[in-house]
Amino acid sequence: MKLKNDTLIRALLRQPTPYTPIWLMRQAGRYLPEYNQTRTRAGSFLALCKNPDLATEVTLQPLARYPLDAAIVFSDILTIPDAMGLGLYFADGEGPKFERPLRAEWEIRDLTAPDPTTHLRYVLDTVSQVRRALAGSVPLIGFSGSPFTLACYMVEGQASSDFAAVKSMLYQRPDLLHHILAVNTNAVIAYLNAQIEAGAQAVMIFDTWGGMLSHAAFREFSLAYTARVIAGLKHEHEGVRVPSIVFTKGGGGWLERIAAIGCDAVGLDWMVDIGEARTRIGARVALQGNLDPAVLLSTPEVIRRECGVILERYGRNNGHVFNLGHGISQHTPPENVATLIETVRGLSGDYH
Ligand code: CP3
């Protein structure tokens, strides 16, 4: 079925669009009261992810409220390590944790990539249900964590301010980390290709923690594996291009290298000037970003001004997907999201 609104796909491929498309990282989430209600009905965040009917419902919630240009499948990046047997759980107010983080060498040697069609069937079922429900209105984005960002949680066992356990493995037992990363790479390739086959029309790789590495370590332990993922992806499904987006939080110093791995678009956090990023890599890739999520905690005037700055810095060009520089805060007033989307729609026509 042909998409009624294909501005996201066109922008990712740097083709002309009448305005700048917009979607938001974590657009289905706790800032929406209807999300919180569905999560309560599911019992927990993880139960919500694992129930395709309810996951479909929350995927569609932000689209019912706002004229967004894309849906993103409701899930989490940590479903892969969960499917590997590490036992994902969410302690109240503490973020994700694993019952069995990777500690002993034998546990690491035993690690295998899960078959997404069995162990992650619930995500694929959600993808196909959402695609059916969208009925071609807007494209559906699938996603995965990067091999390195997944390894951070798998080794650490939880979120961390400095990821000391991963870094100590990186410097003292690089062979073990490379083994985890190789398994993760195969897992991510199989998972994203399965999402594409189930109906995802673009895919995004979240490298949330690559930015905490040294220059050399980023290339060796993060980017090299993300590059292998991109090389292993299906770039076309049923004759239609499936664009890929790579987002490295804190990756502003490495934009040229990220843009060179063969992805169609590069996600930007809010620490880079999108105009400079365009000069540096805009001839090769589309750019997605880069509003500071904290702007959405302010007023309509500030939101309009900050959107204006980003659109103006990107300038009169194709290839920009408006987004936040990281996930939306749970404290965001929903009406500020409406202001953001109206503003981007209203102002961006002048740049196309
Ligand atoms: O964008 C979307 O709407 C799709 C859904 C999505 C979620 N997580 C839902 C979620 C996506 C794309 C993610 C990605 C994700 N998950 C990342 C990469 C992006 C990033 O934010 O850096 C990471 C690192 C995770 C791991 C994770 N999941 C963390 C650290 C947390 C806790 C942080 C928090 O906000 O509480 C989660 C939980 C999570 N994932 C929630 C949602 C809506 C909140 C859980 C809840 O409802 O209680």
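Asp-82 lies in helix α5 (residues 79–86); helices (H or I, at least four residues) are DSSP runs, numbered from the N terminus. The model is predicted, so local features need pLDDT of at least 70 and side-chain atom pairs count only at pLDDT 80 or more, while totals for chains, interfaces and linings use all residues. Residues are numbered from 1 along each chain as its sequence is written, and side-chain values use heavy atoms, with hydrogens and water left out.

Asp-82 has a relative accessible area of 16% and is therefore buried (under 20% relative accessible area, with a 1.4 Å probe and protein chains only). Contacts are heavy atoms within 4.5 Å. Beyond its neighbours within four places in sequence, Asp-82 is in contact with Lys-50, Gly-87, Leu-88, Phe-98 and Tyr-122.

Tyr-122 also takes part in the packing of two helices, α4 and α8. Two packed helices are described by the angle between their axes and the distance between the axes. Helix α4 (residues 52–65) and helix α8 (residues 121–134) pack at about 50°, with axes 9 Å apart. The axes are lines fitted to C-alpha atoms over the stretch in contact, and angles run from 0 to 180 degrees between N-to-C directions. The angle makes α4 oblique to α8; under 35 degrees counts as roughly parallel, over 145 as roughly antiparallel, 65 to 115 as roughly perpendicular and the rest as oblique. From α4, Pro-52, Asp-53, Ala-55, Thr-56, Thr-59 and Leu-60 meet residues of α8, including Tyr-122, Asp-125 and Leu-134.

Val-127 is also placed in helix α8. Its relative accessible area is 0%, so Val-127 is buried. Leaving aside neighbours within four places in sequence, Val-127 is in contact with Val-73, Leu-140, Gln-195, Ala-198, Gly-199 and Ala-200. Val-127 and Gly-142 are 15 residues apart in sequence, and their C-alpha atoms are 7.8 Å apart in space.

Ser-160 is found in the loop between α9 (147–156) and α10 (164–172). Ser-160 counts as buried because its relative accessibility is 18%. Its C-alpha atom is separated by 17 Å from that of Pro-81, 79 residues away along the chain.

The largest nonpolar core has 120 residues. Such a core is a set of buried Ala, Val, Leu, Ile, Met, Phe, Trp, Tyr and Cys residues joined through side-chain atoms within 4.5 Å. Among those with the most contacts inside the core are Trp-23, Phe-322 and Leu-340. Not counting residues up to four places away in sequence, Leu-340 touches Ile-22, Leu-24, Leu-291, Leu-296, Ile-303, Cys-307, Phe-322 and Leu-324.

Methods
Buried means under 20% relative accessible area, exposed over 50%, partly exposed in between (1.4 Å probe, protein chains only).
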